[in-house]
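Here's a quick briefing on a protein model and the things that sit in it. Have a look at the structure first, then read on.

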Amino acid sequence: MKILVTGGTGYIGSHTVVELQQAGYEVVALDNFDNSSPEVLDNIKKITGKDLVFGKVDIRDKTALTSFLKAQQGIDAVIHFAANKAVGESVANPLKYYENNVGGTVNLLYAMEAAGIQQIVFSSSCTVYGEANPPVDESAEMPVANSPYGNTKQICEEVLKDYSQASEMKVVSLRYFNPVGAHESALIGELPLGVPSNLVPFITQTAIGKREMLTVFGNDYPTPDGTNIRDYIHVVDLAKAHVAAIEYLAKKKYTAPFSVFNLGTGNGNSVLEVIETFEKVSGVKLNYRIGPRRAGDVVQVYASCDKAANELGWRTEKSLEECLSSAWKWEQAIQTK
Ligand code: NAD
Ligand code: WQD
């Protein structure tokens, strides 16, 4: 099978390209390098030894996107990662997010229709659940989103659902919890631009001396140690779920044209547990302080993963220790470049 990956040089996209190639799929990727670099393509090839057809295409450019898809003969399915993902930036610049995340997805569906491609796997997020009662399953209500970014994920799911009911399109929407870690080769990983807003890159950048100190955003939450609880999932486990989703579509295992799955470990860890585990696996004493709460943070969220286990036949294999040791190995690798 031939799979198109949008956002293929990004953090999760690059790991998914590797897993697809290693599972024997032919892969075509596109990206506009807004949040990644062409070097990732060389590093993917170093890992898999396989060629990747690649196009520098911006999904906001409907004409270019449509020509690219039409020129690639025989694409069976698309995995759609390309989007902007910074929650804070989406509050400051909502139109950028609606244009790219929602407009780009609509353009992609038009281009797929023109090229006769009828299967798509979409990157959604646990952010669609807001403050829910964990473990959260897929039937949980979606509250009003607490950021434009979160809203783009809710809207895209609705766009995909409506379109699947009006066409032959089959959709799998994957709601990721907190993706962390890097490929064991340390050739690909997360490359945050500027000051990271996510916990794990901030921890590794502090440990290596790029940041002076980590601030823990609040320790007065109603959790056992007072800090927020999240479901941290290794990016390689997450990438493998996309291969499972493609198989699910190919084997027509769905019962409706639009299916949704949580992708998490099913375990919650507090911010302090993450710091403690990082210190254990790295041997580095982390410089951190307790600071005020960050606006918009939910108290705790972790996934119920039964649906993915039962229907996709997928579950995570890697521990929090492996998440943090691979993130640390990656941070050290990019530092020496
Ligand atoms: P990323 O920024 O590393 O990857 C996204 C890629 O898409 C980048 O390489 C970027 O250059 C590209 N891109 C952005 N706009 C584009 C456009 N208009 N045309 C072509 N390419 C474009 O992000 P990621 O962490 O790999 O996230 C991938 C997807 O998963 C996103 O849709 C994101 O919203 C979603 N997601 C991410 C997380 C997370 O914490 N990383 C959690 C839940 C959901
Ligand atoms: C994790 C925990 C922070 C930084 C975000 C998006 C979500 C999804 C995943 C895309 C929280 C705490 C963090 C720091 C800290 N992305 N923290 N000090 O907020 O759970 O989820 O990424 O869809 O939509 O919102 O992840 O890594 O930012 O934070 O104490 O410097 O770490 O308060 O409890 P979050 P995160």
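Helix H7 (199-208) and helix H11 (320-335) each put at least two residues into the lining of the second largest pocket. Helices here are DSSP runs of H or I with at least four residues, strands are E runs of at least two, and both are numbered from the N terminus. This is a predicted model, in which local features need pLDDT of at least 70 and side-chain atom pairs count only at pLDDT 80 or more, while totals for chains, interfaces and linings use all residues. Residues are numbered from 1 along each chain as its sequence is written, chains are lettered from A and ligands numbered from 1 in the order in which they are written, and side-chain values use heavy atoms, with hydrogens and water left out.

**The second largest pocket**
- H11 is the top contributor to this pocket's lining, with five residues.
- The lining has 22 residues, and Glu190, Leu191, Pro192, Trp330 and Ile334 lie nearest the pocket's centre.
- By class, the lining splits into 11 nonpolar, seven polar and four charged residues. (Ala, Val, Leu, Ile, Met, Phe, Trp, Tyr, Cys and Pro count as nonpolar, Asp, Glu, Lys and Arg as charged, and the others, Gly among them, as polar.)

**Ligand 1**
- Around ligand 1 there are 27 residues, with Asp31, Asn35, Ser36, Asn100 and Tyr149 the closest; a residue is near if one of its heavy atoms lies within 4 Å.
- Helix H1 (11-22), strand E5 (119-125) and helix H6 (148-166) each supply at least two residues of this shell, and E5 has the largest share, three residues.
- The shell is made up of 11 nonpolar, 10 polar and six charged residues.
- A polar side-chain atom of Asn100 sits 2.7 Å from a nitrogen atom of ligand 1, and a polar backbone atom of Tyr11 is 2.8 Å from one of the ligand's oxygen atoms.
- The protein buries 95% of the 810 Å² that ligand 1 exposes when taken alone, with areas from the Shrake-Rupley method and a 1.4 Å probe.

**Ligand 2**
- Ligand 2 has 18 residues around it, and Ser125, Tyr149, Asn228, Arg230 and Asp297 come nearest.
- Strand E8 (residues 214-217) gives the most to this shell, with four residues.
- Oxygen atoms of ligand 2 lie 2.6 Å from a polar side-chain atom of Tyr149 and 2.9 Å from one of Arg294.
- On its own, ligand 2 has 690 Å² of accessible area, and the protein covers 88% of that.

Key: A polar contact is a pair of N or O atoms within 3.5 Å; within protein, one must be able to donate a hydrogen and the other to accept it, and residues adjacent in sequence count only if both atoms are side-chain atoms. On a 1 Å grid over the protein atoms alone, a cavity is a set of points where a 1.4 Å probe fits but cannot get out, and a pocket is an open set with protein on both sides within 12 Å along at least five of seven lines; lining residues have an atom within 4 Å of a point.
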